[in-house]
Amino acid sequence: MNNYFKYVIGLLTIFVTVADSWFEVETHRSIWMRYRALATRNGTILGLIGRDELARVLLRYFFAILMIVVVCAMVEFTIYNQLTPGTQWHWFWLHNFYPYTFSHVRHVFHLLHISLMASNLRQLQRKLVALHQTGERERLEEYRALYGELWQINEGINELFGFSQACNIASSFAQMAFDLYWVYAMWQKQERGVECFLMHAAKKHQLEMDAVQGTVLDMNFGQDSEMVKLRFYFLHQLLRNRIKLTAKDIFEYDYTLIRTRHASTPLETRRSSSRISQ
């Protein structure tokens, strides 16, 4: 029954992802158009990212993809070796392999957007640090506007990957609960194990946002009442429109998803791993 459940969730994830991609095509286009408009105004390549920084982001992204491919191949190979050819578990593994692959591709695409947004937030934070030293009033208002545009891009990313990533998380939950918990437990015994790449990128995204907020909080303009007022407005904007990764506000992407996933399914995972070994 578990395998049927996984397969149905996998197919549902594919259909929702295709539908999301179709209906959110304008949202996807608007993300890149906003990045291009920012780059044109700031003399950069993509948003606030220059050529060298973009090359570093894409290089890290390329190595992340290689790691994902290696890890997924190791996991699937480990599971396959535990299966007896010709049994129902063997055929279920073959049929579920395609939805899992489609889900991983969607995760990788989301990972690219998260990495680019985190890099843009890093560049904004550096601009704010430089501003703190010069104290130019016009620059602070300009950076407030930049943050607002990055927030709009981030909301577009949340819209683009909303329902499909919610289904992806549900599919990953089912896979981890029914098959892979014992593999995860094995990884945990080896130092820190293999981290979930998407959640790790989301954590870095959150840290960059925290750095932007911390930089604005640390600004001290002394007796300049206008700058103090602009700083207050900026802080209010950061609190009201915080840049965060969500699935259409259904949930946020962070490590609590992983902790909840593992804490809530120990009994089911023991049953599944015992069935696989049969």
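This is a predicted model: local features need pLDDT of at least 70, side-chain atom pairs count only at pLDDT 80 or more; totals for chains, interfaces and linings use all residues.
1. Next, the overall fold. The chain has 10 helices and 0 strands. Along the sequence, the pattern reads α-α-α-α-α-α-α-α-α-α.

2. Burial and surface come next. The chain has 278 residues, and 46% of them are buried. Its accessible surface is about 15000 Å². Carbon and sulfur atoms account for 61% of that surface.

3. Now the contacts along the chain. Take those between residues at least 6 apart in sequence. Of these, 84% join residues at least 24 apart.

4. Helix 4 covers residues 88-134, and helix 5 covers residues 137-160. Their axes come within 11 Å and cross at roughly 170°. Angles over 145 degrees count as roughly antiparallel, so helix 4 is roughly antiparallel to helix 5.

5. Which residues make the contact between these two helices? From helix 4, they include R106, H110, H113, M117 and N120. L121, L124, K127, L128 and L131 of helix 4 also take part. Helix 5 contributes R139, L140, Y143, L146 and Y147, among others. L150, I153, N154, I157 and L160 of helix 5 are in the contact too. By class, the contact of helix 4 with helix 5 has 13 nonpolar, 4 polar and 3 charged residues.

Terms used: Residues are numbered from 1 along each chain as its sequence is written. Side-chain values use heavy atoms; hydrogens and water are left out. Axes are lines fitted to C-alpha atoms, for helices over the stretch in contact, and angles run from 0 to 180 degrees between N-to-C directions. Helices (H or I, at least four residues) and strands (E, at least two) are DSSP runs, numbered from the N terminus. Angles under 35 degrees count as roughly parallel, over 145 as roughly antiparallel, 65 to 115 as roughly perpendicular and the rest as oblique. Contact means heavy atoms within 4.5 Å. Ala, Val, Leu, Ile, Met, Phe, Trp, Tyr, Cys and Pro count as nonpolar, Asp, Glu, Lys and Arg as charged, and the others, Gly among them, as polar. Buried means under 20% relative accessible area, exposed over 50%, partly exposed in between (1.4 Å probe, protein chains only). Accessible areas come from the Shrake-Rupley method with a 1.4 Å probe; for residues, only the protein chains shown count as cover.
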